[in-house]
Amino acid sequence: MEKEFEREETTPDTADHCIACSCCVANCPVTEAAREFAGPKLVGPAHSRMKFSQEDIERSLDYCSNCKNCEITCPSGVRVATLNMLQRGEYYRTHKHSQRDDMLAHGERMSKLVRALPLGATFANLGMKIGKALGVFSAVGMAGERSLPAFASESFYSLFKKLPQKPYEKKVLFYPGCYINEYEPQIGIAFIKVMQQNGYEVITDREFICCGSPMVATGYLDEAHEHAKKNAARILSWKAKGLPIVACCTSCSLMLKHEYHELFEDPEMHEIASGVYDAFEFLELIEERGELNENFKSIDHLYSYHAPCHLRASGIGLPSYNFLKRIPGLSIEELAAGCCGMSGNFGFKADKYDVSMKIGEKVFQRIAEIGADTVVSDCGTCRLQIRHGSGKKTCHPIEILAQAYNA
């Protein structure tokens with residue numbers, strides 16, 4: 001019997017489905033904010049379909065942030081943003097990367113160096129503050145207006161080893177990704193507390209590496225492919241043991257579940273999708289089985305909620321928002337204002353900073369209108385952008401759920 005992955009179209013095949021309806025252009029936040037961008041349908045499908053030569057690379061390709069709004073709205077199923085990323089990767093096979101892009105693509109490499117030194121996180125954070133003040137980051141093309149995320153004093157993996165858990169027969173494997181592991185480990189700890197309240201023991205696998213999303217966005221496609229193969233092998237290994245892999249970062253879960261098989265044609269990339277879940281997607285699955293602990297305590301607080309683009313691109317709805325609405329006493333209002341403008345490492349680039357902030361204006365305005373002092377979002381870099389642009393506090397929805405369990 002022919003396997004499903006052999007019947008499925010590759011991403012380049014989808015370019016032929018483009019009918020030039022301009023839905024992608026109408027819904028592209030970058031096109032609205034920067035007229036320098038030729039628009040998703042020209043940069044992606046048109047160039048892919050017409051097989052332009054390398055010398056005819058569309059220069060405005062650099063403006064695509066890979067936010068996926070074009071793919072969310074395309075009525076013909078064209079993988080527009082993914083086509084853009086394939087072309088970006090092809091371009092950088094013959095062109096040199098900048099020092100800035102090398103830094104943005106390889107955060108995991110930097111964090112390993114930091115963690116290898118005594119008090120490395122403390123000194124790294126101090127160095128970043130000094131570097132910003134002296135204009136060092138601006139000199140290499142980073143947005144000097146922004147602060148880079150501060151390293152946590154201890155990584156998630158380090159804290160995990162010290163965290164006592166009640167053993168349960170049911171187990172789940174947590175994939176923290178680079179951001180939670182290095183910058184916001186409290187989110188991973190909150191996830192463990194939530195799963196313990198639902199009768200699950202959480203395990204981890206240190207052999208997992210960066211999902212590769214920052215590499216794809218900056219044109220390190222071959223390197224991202226190597227990461228994909230290593231992570232896919234680990235996922236298949238755990239899937240064979242019946243263990244689900246769960247992530248709290250929507251960009252990580254999108255990469256593992258969808259982008260691996262859209263970007264790369266390895267058969268195993270299609271097989272791993274059914275073994276990976278977003279955290280609240282998995283909690284919905286527990287609820288469907290009648291296993292969810294709904295003993296929530298009241299939280300008397302008003303929040304606003306921002307749905308990350310990569311969550312919407314996953315096609316699973318807004319599970320965390322729906323969960324939080326059920327907590328007694330809690331009021332939460334969805335911003336529904338589109339892309340925040342950060343798009344992973346896009347907003348860190350000096351030449352994209354103004355575009356990033358212009359895209360985020362609608363989000364910042366809605367935050368001000370709602371008036372909540374805390375904005376909830378499932379994405380780490382969305383939270384960075386929201387804090388930067390609105391001055392409000394932010395948190396991950398799993399932290400609120402852990403609070404509701406009094407965990």
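Predicted model: local features only at pLDDT ≥ 70, side-chain atom pairs only at ≥ 80, totals over all residues.
## A helix with a buried side

A residue is called buried when its relative accessible area is under 20%. Which of the residues of α16 are buried? They are L221, A224, H227, A228, N231, A232, R234, I235 and W238.

The helix itself runs over residues 221-240, 20 residues in total. From its first C-alpha to its last it reaches 28 Å, close to the 28 Å expected at 1.5 Å a residue. Just after α16 you will find G242, which takes a positive phi of about 85°.

## The largest nonpolar core

Now let's turn to the largest nonpolar core, which has 46 residues. The members that touch the most other members are F191, M195, L283, I327, I398, I400 and L401. Several elements give two or more residues to this core, among them the helices α12, α19 and α24 and the strands β1, β5 and β6. Helix α14 (185-197) provides the largest share, with 7 residues.

Take F191 as an example. Leaving aside residues up to four places away in sequence, F191 touches V172, F174, V202, V246, C248, A279 and I398. There is also a second, separate core of 45 residues, and Y63, L86, A228 and F346 are included in it.

## A closer look at E281

E281 is part of helix α19. Is E281 buried or exposed? E281 counts as buried because its relative accessibility is 16%, and the cut-off for buried is under 20%. Not counting residues up to four places away in sequence, E281 touches K257, V276, I316 and P319.

Note on methods:
Residues numbered from 1 in each chain as written. Heavy atoms only, no water. Core = buried A, V, L, I, M, F, W, Y, C linked by side-chain atoms within 4.5 Å. Buried < 20%, exposed > 50% of the residue type's maximum accessible area, 1.4 Å probe, protein only. Helix = DSSP H or I, 4+ residues; strand = E, 2+ residues; numbered from the N terminus. Contact = heavy atoms within 4.5 Å. Expected span 1.5 Å × (residues − 1).
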